[in-house]
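Please look over the structure shown here before reading on.

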Amino acid sequence: MEATPEPEAENRAGSTPRIVPHIEERSAENYFSVPFDQASGLEALSEAATSNFQYIRPVSVPVHSPGDINASPHSSNNLNFILNPTEAEASIGLASPAIDPTLSPSSTTPIDLKPIDDHEISYLLRHFGETTGQWMDLFDLGCYFAHQVPVQALSNPLLKFSACAYAAKQLFRVRGRKAVIGGIVSQQAAMELYPHPGTVDWEYIGAKYYDKAIQLLMEELSNSRNSEPPMTPATAVDETFSPHSAHQSSQSGRQTPGNKRRRLSRQPSSSNPDETLAAAAILCVYEFLDNANTAWARHLSGTKSLFDLAEKEGMMPVQSPTTPGSLSQRITPSRARRATFWNFARQDFLAAFINETQTRLNTEDVGLWRAAGLQLDDRGFVVPSNTEESQYPDRQIGMREDMISNALIWLMSKIINFLASGDSVDNVYPQDRLSPNGILGINQMLLLERWKELEKELEIWYKGLPDTFKPCARLPPVNNGIYPVGSPRALFSEIWYSIPMCASTMQSYHMARTILLMNRPHESTARRSTLSDRLHSYRAIEKEVRYHSYEICSIALGRPEGSVRIHQVQPLFVAGQCLTETHERRIILDLLRGIESDLGWATDYRVRQLLKEWNWNEEPS
């Protein structure tokens, strides 16, 4: 994987006034009342997840009467991009046969793709491929976003404008600074330089391409409804997604409201499902780049609505039995869809952790996660990847580093759901006071048993790691007076991994261990323990938490590449909540602020939260 560049020299700021495109604002109370395809931005997607209806094209199957007990409750929940997935080996462009042949593209004539000759788009698309797209590919050895999206952008304006919007916004966040790719060079290519850098308004350019991408995305959704005969209304999955509600939906008998279709001055193109999902994922990262708030969460719910529809027939779609009595099985998703799914899964985890809620994806649906690429045994534990057999790829035993890292996200999502539920009997937090069980709570011993199950799952994952997840270099702290007292080198080690993905994954592991330790339920008080026993237990936890916090900081101080740094915001935040010394806390603040300053990735909201928790009105000198 190519190294993610770090910004270097800063361009001089120009004096040209900014021209910011007008974006329609809606009040919160009116937000959900607008028609589906008239909602602004990615809120159109969110509308699909939260409104009473979503418009779904019917499949070519016999119509069942309401009383037909054999009718599938999800028989109408199909879209062209759901029922025509590509096999993993067909990601190079060979589509697999359609489950419903009537939905196959009408033409397979190859298109003569021409390279982009517009300077601005070329500049941004290259920046996406060399920088921001790499950030999305940290946990994908295939580098779908950085390598494939620019190629697909030649024929897909939605992907092109989404990538350009993301790249431009990142440049705005760092005031146009851009690293030289490939190290020291005598002269850069013209494509690497933007004309008149002192007067360019990256904020406007990013918003311009974002608006174009949103219009195209809404057009894709409109085409998926209007390009076929009449629509069938169906109740959408609610935005508050829990493991117990993941697969519960019912049919609605209400009439579909009229829809005003937004048209663009372009010829309609055949919709590619994987590219549509990929564009939605890119636009979600565009939002999260500087906005980890409820707006980003709504946009994430909008993207989730697309996966909801796919999951009804299997997010990794379910293949109908070919013979009576045979078992349905999930089709292996395409490379693009798998990459998009794991990008969404990580954002879903982040949203749940930041907002202290449940994840949108159902962590208990083992079949879903197996189809996404995880290797799990019969008990649901992650299969070890450090056995002798796993060293031979042709035996197909064990997982590669990217899927091992993705397995940790699944486990961390389960941990976050456990914490969000608390001791709620209804597995809902906060507890519904109107519930018959509203005044009840789960027994502490039951919570402790669940906690131990999660700890065991995490431990099995850790013990199954291959050697690539071990650091290649570790410089211990220097305490001989060379460095000032309280400086990073005097307090922390510096750790380096040969694979950046592994460095980020181990930071997440130490974060997961810390969260688990700090949320261990109390032992039963039926059998009283001595005060010294409890103090010993608390001190042991404090010592282990301090170790994991130091490991997080030591990896960060090894200055990994940019794609690792943007993913270490939450681990550093957790470490900051646990460390108590002034020098330690100041170093964590410097690391967080450096990420936003160097890369444009938002960290200020975590800095402000730490300062509040530490009761630091002003930072100690």
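A residue counts as buried under 20% relative accessible area, as exposed over 50%, and as partly exposed in between, with a 1.4 Å probe and protein chains only. This is a predicted model, in which local features need pLDDT of at least 70 and side-chain atom pairs count only at pLDDT 80 or more, while totals for chains, interfaces and linings use all residues. Residues are numbered from 1 along each chain as its sequence is written, and side-chain values use heavy atoms, with hydrogens and water left out.

**Overall make-up**

- The protein has 20 helices and six strands, where helices (H or I, at least four residues) and strands (E, at least two) are DSSP runs numbered from the N terminus.
- Of the 621 residues in the protein, 51% are buried.
- The protein exposes about 30,600 Å², of which carbon and sulfur atoms supply 52%; accessible areas come from the Shrake-Rupley method with a 1.4 Å probe, and for residues only the protein chains shown count as cover.
- Taking contacts (heavy atoms within 4.5 Å) between residues at least 6 apart in sequence, 76% join residues at least 24 apart.

**Salt bridges**

- The structure holds 20 salt bridges, each being a side-chain nitrogen of Lys or Arg within 4 Å of a carboxyl oxygen of Asp or Glu.
- One of them joins K208 and E120, at 3.0 Å from N to O, and this pair links helix α7, which holds K208, with helix α4, which holds E120, across 88 residues. K208 counts as partly exposed at 23% relative accessibility, whereas E120 counts as buried at 15%.
- Another joins D274 and R337, at 2.9 Å from N to O, with D274 in helix α8 (residues 273–288) and R337 in helix α10, 63 residues apart. Both ends are buried, D274 having 6% relative accessibility and R337 having 1%.
- E364 forms a salt bridge with R450, the closest N and O atoms being 3.8 Å apart. E364 lies in the loop between α10 and α11 and R450 in helix α13, so this pair ties together parts that are 86 residues apart in sequence.
- E364 counts as partly exposed at 44% relative accessibility, and R450 counts as partly exposed at 23%. These two residues also belong to a network of salt bridges that links E364, K414, R450, E453 and E457.

**Aromatic pairs**

- A search of the whole structure finds 18 aromatic pairs. Rings of Phe, Tyr and Trp (its six-membered ring) pair if their centres lie within 6.5 Å, and planes under 30 degrees apart count as stacked, over 60 as edge-to-face and the rest as tilted.
- The rings of W342 and W369 have centres 5.5 Å apart and planes at 50°, so this pair is tilted. W342 is in helix α10 (residues 335–355) and W369 in helix α11 (residues 366–371), 27 residues apart.
- W342 counts as buried at 5% relative accessibility, and W369 is buried at 1%. Ring pairs link F341, W342, W369 and W410 into a cluster.
- Y462 and Y509 form a stacked pair, at 4.6 Å centre to centre with 10° between the planes. Y462 is in helix α13 (residues 444–463) and Y509 in helix α15 (residues 500–518), so parts 47 residues apart in sequence are tied together.
- Y462 counts as partly exposed at 36% relative accessibility, whereas Y509 is buried at 5%.

**Cysteines**

- The structure holds zero disulfides, a disulfide being a pair of cysteine sulfur atoms within 2.5 Å.
- C472 is in no disulfide, and the nearest cysteine sulfur, that of C502, is 8.8 Å away; C472 counts as partly exposed at 49% relative accessibility.
- The sulfur of C553 is 10.0 Å from the closest cysteine sulfur, in C578, which is too far for a bond. C553 is buried, with a relative accessible area of 0%.

**Backbone angles in two loops**

- Most residues other than glycine have a negative phi.
- H196 has a positive phi near 55° and is not a glycine; H196 lies in the loop between α6 (157–173) and α7 (202–226) and is exposed at 64% relative accessible area.
- E356, also not a glycine, has a positive phi of about 55°; E356 lies in the loop between α10 and α11 and counts as exposed at 62% relative accessibility.
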